[in-house]
Amino acid sequence: MEFSSKLIEALKSAQTCLILTGAGVSAESGLQTFRGMQGLWDDFDPMKLATPEAFACEPQKVWEWYQWRREKLPLVQPNPAHKAIAQMEKHFEEFLLVTQNIDGLHQRAGSSKMVELHGNLNRNKCSRCGTMIETLPVSDQVPPRCKCGGRIRPDVVWFGEMLPEAVLRQAWRAAEKADIFFSVGTSSVVQPAASLGLVAKNNGAALVEVNLERTELSPLFNDVFLGPAGEIMPRMLEGIINARAL
Ligand code: BV8
Ligand code: ZN
């Protein structure tokens with residue numbers, strides 16, 4: 001894996017690092033990527049299912065789609081990409097992992113300095129009163145209901161919904177201060193997550209993309225590494241350690 005001199009310089013001197021991840025980071029753990037999911041959920045497009053409208057019209061179908069995704073989580077493990085990213089947080093004075101994923105695999109790999117832009121599949125809340133639901137009530141209703149009678153939904157951000165304000169602000173601030181910005185396993189399509197790279201670049205950061213294929217934002221990046229994150233990120237970690245040992 002060839003590191004450009006600009007990248008080696010950045011790896012050596014960067015004080016602050018932001019990593020943005022997407023579904024591609026969890027692909028080698030066996031979880032479908034978002035745009036790869038169409039095949040699996042044949043008669044429905046995730047882009048349509050992950051919306052408040054879909055939940056309002058077909059609450060049972062949306063709930064069952066999320067239950068189906070949730071049930072897979074205990075069966076999958078963090079992969080070498082998650083583990084390398086968890087190690088990276090030790091090598092920068094300031095570090096923030098910003099994930100679009102809702103699978104909780106970064107936390108299970110040991111990442112702690114992180115935020116979840118789009119929520120977490122393991123949490124539920126009431127769609128009416130907003131109460132967080134720690135334990136789902138045993139009921140034959142699908143989806144189950146909150147005490148207020150509202151339908152329970154996963155605590156994730158759907159298309160057309162605002163991202164959690166504080167989380168987005170923290171990610172934005174980190175992008176403004178980043179010396180180096182990694183985008184790993186994301187098609188860079190979904191907003192506002194996909195704008196973080198631009199914010200970092202406008203503030204002088206070195207931009208590195210790691211993805212299976214080029215994306216519409218690839219021209220923005222100083223270095224683009226095409227291939228599986230599970231292979232590239234452990235070598236990226238090695239490159240960081242070597243560059244900072246010099
Ligand atoms: C909002 C949770 C205010 C639910 C998700 C501006 C312009 C245009 C549109 C908009 C805009 N602002 C807002 C919008 C609308 C919309 C949007 O961005 N639409 C897109 C499709 C154009 N955004 C929103 O609605 C956001 N809300 O902005 O509120 C607002 C509201 C209304 C109107 C205006 C403003 C909310 C977005 C959050 C949606 N929720 N997830 C759930 O998961 O069920 S997003 C969903 O997509 C997942 O979180 C996923 O992570 C995310 C992004 O997708 P990726 O992670 O990139 O996954 P994808 O499959 O696309 O790509 C995977 C990549 O990995 C691929 O490139 C592949 O090549 C690569 N890969 C595969 N295997 C590997 C790999 N790479 C490395 N190694 C491998 N092994
Ligand atoms: Zn309620």
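Reply: What follows describes the salt bridges of this model and the setting of their partners. The model is predicted, and the count comes to 9 salt bridges.

One of them joins the side chains of Glu94 and Lys177, with an N to O distance of 2.6 Å. This pair links distant parts of the chain, since Glu94 belongs to strand S2 (residues 94–99) and Lys177 to helix H8 (residues 165–177), 83 residues apart. Glu94 is partly exposed at 40% relative accessibility, and Lys177 is likewise partly exposed, with a relative accessible area of 46%.

A salt bridge is also formed by the side chains of Lys125 and Asp155, at 3.5 Å from N to O. Lys125 is in strand S4 (residues 119–126) and Asp155 in strand S6 (residues 152–156), so the pair ties together parts 30 residues apart in sequence. Lys125 counts as partly exposed at 23% relative accessibility, whereas Asp155, at 13%, falls under the 20% limit and therefore counts as buried.

Arg169 is partly exposed, with a relative accessible area of 37%, while Glu165 counts as exposed at 54% relative accessibility.

Finally, salt bridges that share partners join Glu116, Arg123, Lys125 and Asp155 into one network.

Terms used. Residues numbered from 1 in each chain as written. Chains lettered and ligands numbered in written order. Predicted model: local features only at pLDDT ≥ 70, side-chain atom pairs only at ≥ 80, totals over all residues. Heavy atoms only, no water. Salt bridge = Lys/Arg side-chain N within 4 Å of Asp/Glu carboxyl O. Helix = DSSP H or I, 4+ residues; strand = E, 2+ residues; numbered from the N terminus. Buried < 20%, exposed > 50% of the residue type's maximum accessible area, 1.4 Å probe, protein only.
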